[in-house]
Amino acid sequence: MRTLKLLLQKELIQIVRDPSILRLLFIMPMVQLLIMPLAADYEIKKINLGVVDHDHTQYSQRLVDKIISSGYFRLKDYSPTFPKALQAIASDKTDLVLEIPTHFERDLIQENKAPLLVSIDAINGIKAGLGGAYIQQIIQEYNQDVRDQWLQTPRFNPQPTIEVTFSDWYNPNMNYKVFMVPGILVMLLTIIGSSFAANNIVREKEMGTIEQINVSPIKKWQFILGKLIPFWILAMGVLTFGLIIARLVYGIVPVGHYIDIYIFAAIYLLAILGFGLLLSTYAQTQQQSFIVSFFITMILNLLSGLFTPIESMPQWAQIITKFNPITYFIEVMRMVMLKGSGLADIKSQIFAILGFAVFFNTWAILNYRKRSG
Amino acid sequence: MEKEKVITAKELTKRFGDFTAVDKITFDVEKGEIFGFLGANGAGKTTAMRMLCGLSLPTSGTATVAGLDVYKQNELIKKRIGYMSQKFSLYEDLTIRENIRFYAGIYGLRDDKIKEKTNILLKQLNLEGQEKTLVRDLPLGWKQKLSFSIAIVHDPAIVFLDEPTGGVDPITRREFWSLIYEASAKGITVFVTTHYMDEAEYCNRVTIMVDGRIDALDSPANLMKEYDTTSMDGVFLQLARKAVRKGD
Amino acid sequence: MKQFLIFIKKEWLHIWRDRRTLVILIWMPVVQILLYGFALTTEVKNSNIAIFDQSRDEATTTISDEIAASRYFSLVQNVYSYNEIGETFRKGKIRMAVVFPRNFRYDLLHANHAQIQLIADASDPNTANTLTNYATSIINDYQQTLNPGEDQPYTINTQTRMLYNPELKGAYSFVPGVMALVLMLVCAMMTSIAIVKEKEEGTMEILLVSPVKPFLIIIAKTIPYLFVSMLNVACILLLSVFVLDVPLVGSLWLLIAESTLFTITSLSLGILISNGAKTQRAAQLASMMSLFLPTLLFSGFLFPVENMPVSLQVISNIVPAKWFYIIVKNIMIKGLGFSYVWKETLVLVGMTVLLLGISVKNFKIRLA
């Protein structure tokens, strides 16, 4: 064990002596955590509206007013012709154009039917879908207002109606940050952890110090463990730092227990670092190990349910997510932080991640050769 | 008198695919010898040494180091040998003392012994008071001498040196070789590869490798007589003319 | 000039010899496109739900069946108490629960009024909103069937037309984004690492002693990556058009020209980073944090920039990818010409000049 202790001492000294690493390790995540959650918001808030009103009547004006007062839309363009309004969409000034034809008021009141034309910039499908839905909803309401005005509506509603009530559990303020911050923390830990670990052994290879290790009696597992543990300590530090920021800046406090997160994180980091070390044993240059670890980590991050829901993925992709350690951590983070899930609830995830940790580290140790071919 | 053989090699061969880097070499090294492996770049010296150190698995042939078999007792061998390569093996971002502590420690020296050795080493290299200097800040010559001293800090039976004096001035080279002599006097066998022919004259015996084969094996004096020349350079030029492989 | 070419050749050999890295550089965009095209979508589908039916009558069963049959939902469990709902949520098994009260049908037919409660796991607000919207519309459809429709008077008929992307395909939005991301990664990240590597190995000094102007040496380092990037752009465009059915409506030449410009901007960024980093490790981390993540966030293809707080919107302006995204979107999807992208182009040109200027200055200072 003395050998291991010596290895750990050496690694720690090297890390502490490199100021850029410590800076990057803590400042970068902090900056990311401060900026990312603010940016990572899918919620569509305001849609830019363009209006072409050929009618210029009280009714058309009321419609436009109603749309604007809904709060979903911002009136950004009021063009006299449709082609001009289209230009506004083309130049990203507006997202949606409402064209009110001439005789709108007259057709509605006298002919009982009036058309409206809505054109939507559909490049962002979600935005377009929501925008269309919102404006439809407002137009319906407006329509009902008109009907109410002209028809005698009996007080007692003769038609059966179903009232739908909504309850939002676990995030009553529907705050996207609460949802994203834990996930972003996981992503940062993964990127930092794996790229560090991947870089490390290769660096010694490139510098030549690894030969001296190979020619000495240091055992393989001592060597790998000697690399693993210091990074593990650092990563846990970054995790703590991240959780502190989450609490101080965003007021995010886990509904569950911190200890559960730490237990899972401890094992998760072993898995991720092990993965990085494994890559390191295969790579010949730092450039290589970096790009490979980056590539794989990026794909795994995308396929983890962090940015897009897993249920929406096709079968084959969902299967891949099952083999992705990040998926499990994201699940656990959200479960423990937002829903108060406990150790018993995350049992299966813990087993899975334990499996990954054993798998990667064992492979790394086996693959590392002190003696080449 | 039969001196104890610390290294034996019989038909030792290393092939990389179609390329035979080391071609059936056979030789012995006696205890306490300073044994030189000479040859041009690409002749196979480093490859041969790496097989003996346990860094590379031989393709065929046999070899023993300190009485242990290189195939099966590889890890045991590592406890008994020291090594210094042309690329630096010391950690640049650690101090002299930290480097000594690390390497001495992994070879099993106890803390008090390490302390003792550190003081001796610093004195020997005229680096007293400098133990807290980062290796990165040492001039090249000092780094090399330090590397060597650390390579033998655990009193190994054999120390392997791979082109140890590349790039230093002649004075430092001489100082380096006096360190080697001291080690040899203590009973440490020194196995050194080099392409500096003048260093050959410092060795007890040398081999000259050409195209992966050993083309000469004897003391420098004998070789110079055999090839009728007054310097090892002369010996080498005659042998090297036969070389098929160009150096890298 | 000839010497410059020799340098370029050497740099090219470096990249070519490192096959593993090269392979990844070329495959990366392909994999991304395929992933985004076929696996990743912010659409909500097959969400796991549970139903707590306290009535078990004809009406609730019909509505439940409709909901379960919808492609948005996947009914995984029938629960029998509110506690059970909480437990299932905590175990992460469902995203929404539908609760029918007792005597649902009776109330509906006799009192003309009944309630349904939708409980959503709002830890993901977007999904929660979308799910409740879908469920509500299914419920509304059922409600319609109870009132056989006569044409109501005073009806406004709204016709909706989706422009540029009639099928609302996600691909239209992210292909430009992937282009920006990949170019940024290959050019900026890889270049900065390559330059720093030379510094770390000490061979940079040797190069600086040669008769070629120092800055040209740096430029030579970037040229092979320029080439690889163009290859990447070609791959992305081919895949998008032929595999994802994303049309290239505008001018191909203009797109290529703009891509080249953005590539140069990215390369300049890479050079700037390499000036600051002393070790490869530092360059790697720095590029990841200051290139990859900001590009991912602020280019606009994943998260709409207009949603972000104003301070972030301002920050997003210094991310070159944001401008490039707009340019590509406008040319490729909207089919617009230069008159619509000249502003953004100017911004990119300005950024490039600024970045190169700072790099040259830094370089000179260090040499002096």
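Start at B:Gly187, which comes after H6(B) and has a positive phi, near 105°. A heads-up: this is a predicted model, where local features need pLDDT of at least 70 and side-chain atom pairs count only at pLDDT 80 or more, while totals for chains, interfaces and linings use all residues. Residues are numbered from 1 along each chain as its sequence is written, with chains lettered from A and ligands numbered from 1 in the order in which they are written.

Now step back and select residues 170-185 of chain B, helix H6. (Helices are DSSP runs of H or I, at least four residues, and strands are E runs of at least two, numbered from the N terminus.) H6(B) has 16 residues and reaches 23 Å from first C-alpha to last, close to the 22 Å expected at 1.5 Å a residue; that expectation is 1.5 Å times one less than the number of residues.

Color B:Arg173, B:Ile180, B:Ala183 and B:Ser184: these are the buried residues of H6(B). They sit on the same side of H6(B) because they cover an arc of only 100° around the axis, taken from the directions from the axis to the C-beta atoms. Buried means 20 or more other C-beta atoms within 10 Å of the residue's own, exposed 12 or fewer, with C-beta atoms placed from the backbone.

Next, show strands S3 (34-39), S7 (158-162) and S8 (189-194) of chain B, which the buried residues of H6(B) pack against; contact means C-beta atoms, placed from the backbone, within 7 Å.

Definitions and conventions. Two residues are in contact if their C-beta atoms, placed from the backbone, lie within 7 Å.
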